[in-house]
Amino acid sequence: MTPAIFLMGPTASGKTASAIVLVEAGLPVELISVDSALVFRDMDVGTAKPDAAELARAPHHLIDIISPEQSYSAAQFRSDALALMADISARGKVPVLVGGTMMYYNALQYGLHDLPQADAALRLQIEADAAAIGWPGMHARLASLDPVTAARLAPNDSQRVGRALEICILSGKPMSELLAAPTAEPLPYALHKFALVPGDRAWLHERIALRFDLMLKGGLLDEVTMLRQKYTLSLDLPSMRCVGYRQAWEHLDGDYGAQALRDKGIAATRQLAKRQLTWLRGMDDVTTIDCQQPDLAGTVLRHIAERI
């Protein structure tokens with residue numbers, strides 16, 4: 001069976017640098033980005049997007065494919081990734097899917113569940129109820145309808161709590177029950193899954209803080225200012241819900257100062273990394289690689305070279 005590689009890990013774990021080494025070492029691979037933020041054009045600083053020189057050395061599919069005004073779903077990713085993987089394999093190369101959007105990996109490997117489409121009127125009602133009783137109150141409402149889903153969501157996670165309530169109401173069934181149903185046929189590839197995971201969470205936290213500081217110094221606020229001028233955006237759009245962008249937007253609106261921007265941005269990135277690590281712990285057949293080691297890229301190269 002044709003091989004395919006998943007190169008996963010939390011944010012700031014070294015995935016991009018390791019993937020570039022695979023190409024530069026001459027392995028017969030092509031890279032497919034698995035990142036819900038890198039799909040947006042003009043969002044470079046806050047997404048830690050590979051720069052032009054890196055992309056010239058190691059091209060990535062599914063980077064800069066839509067406007068920040070648009071949305072890109074897991075279903076679209078699955079369709080695009082499957083087409084790319086088939087094309088790459090037909091040319092005698094191995095697709096390497098690299099990134100940290102774990103929902104995309106899950107959708108690709110297992111398919112998508114038949115969940116009801118968003119209902120604008122119902123969502124407005126849910127948001128009105130939340131304005132009255134707060135999102136913790138809505139979380140409690142979800143717990144009465146779907147305790148399994150509520151148990152894995154934070155009480156203030158408005159996006160996910162709202163969507164779970166919407167699904168429960170529209171389908172008449174708990175979202176957890178719908179997600180437990182079988183989906184698509186397995187991928188027609190021999191999957192080799194690797195996860196770059198730190199042995200010490202504090203090390204990752206330091207990397208996250210350093211990277212966010214570099215983003216601020218590298219022009220994150222200027223980038224968000226440019227985006228607001230160039231596009232018709234709001235905080236409700238997926239692009240502006242990306243970690244760092246919401247905090248920069250609110251800071252530019254005067255909601256809080258520079259220190260709070262830094263603190264909130266780092267905290268949000270840590271929460272993202274925590275969710276990514278939780279996903280990874282729940283995945284099967286994953287080879288874990290300690291991303292704290294000095295020669296991480298070389299170790300990744302050796303592991304992947306053995307499987308293609």
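Predicted model: local features only at pLDDT ≥ 70, side-chain atom pairs only at ≥ 80, totals over all residues.
**A walk from the annotated loop to the cores**

Leaving out neighbours within four places in sequence, Ser 13 makes contact with Leu 196, Arg 207, Cys 291 and Leu 296. Ser 13 sits in the loop between E1 and H1. Its relative accessible area is 1%, so Ser 13 counts as buried, the cut-off being under 20%.

Thr 11 belongs to the loop that runs between strand E1 (3-8) and helix H1 (15-24). With a relative accessible area of 9%, Thr 11 is buried. Setting aside residues up to four places away in sequence, Thr 11 touches Leu 204, Ile 208, Arg 211, Thr 269, Leu 272, Ala 273 and Gln 276.

Ala 12 is found in the loop between E1 and H1, and it is buried, with a relative accessible area of 9%. Its backbone deserves a glance: the phi of Ala 12 is positive, near 70°, in a residue other than glycine.

Asp 285 is another residue that has a positive phi without being a glycine, with a value of about 55°. This residue lies in the loop between helix H13 (258-281) and strand E6 (286-290). Is Asp 285 buried or exposed? Asp 285 is exposed, because its relative accessible area of 65% is over the 50% cut-off.

Back at H1, the buried residues include Lys 15, Ser 18, Ala 19, Ile 20 and Leu 22. After the helix comes Gly 26, whose phi is positive, near 90°.

Now for the interior. In soluble globular proteins, nonpolar side chains tend to be buried together. Here the largest nonpolar core has 72 residues, and those touching the most other members are Leu 7, Phe 77, Leu 97, Leu 108, Met 240, Tyr 245 and Val 300. Take Tyr 245 as an example: beyond four places in sequence, its contacts include Met 43, Val 45, Leu 220, Val 224, Leu 227 and Met 240. Asp 44, Glu 223 and Ser 239 are also among the residues Tyr 245 touches.

Conventions:
Residues numbered from 1 in each chain as written. Heavy atoms only, no water. Helix = DSSP H or I, 4+ residues; strand = E, 2+ residues; numbered from the N terminus. Buried < 20%, exposed > 50% of the residue type's maximum accessible area, 1.4 Å probe, protein only. Contact = heavy atoms within 4.5 Å. Core = buried A, V, L, I, M, F, W, Y, C linked by side-chain atoms within 4.5 Å.
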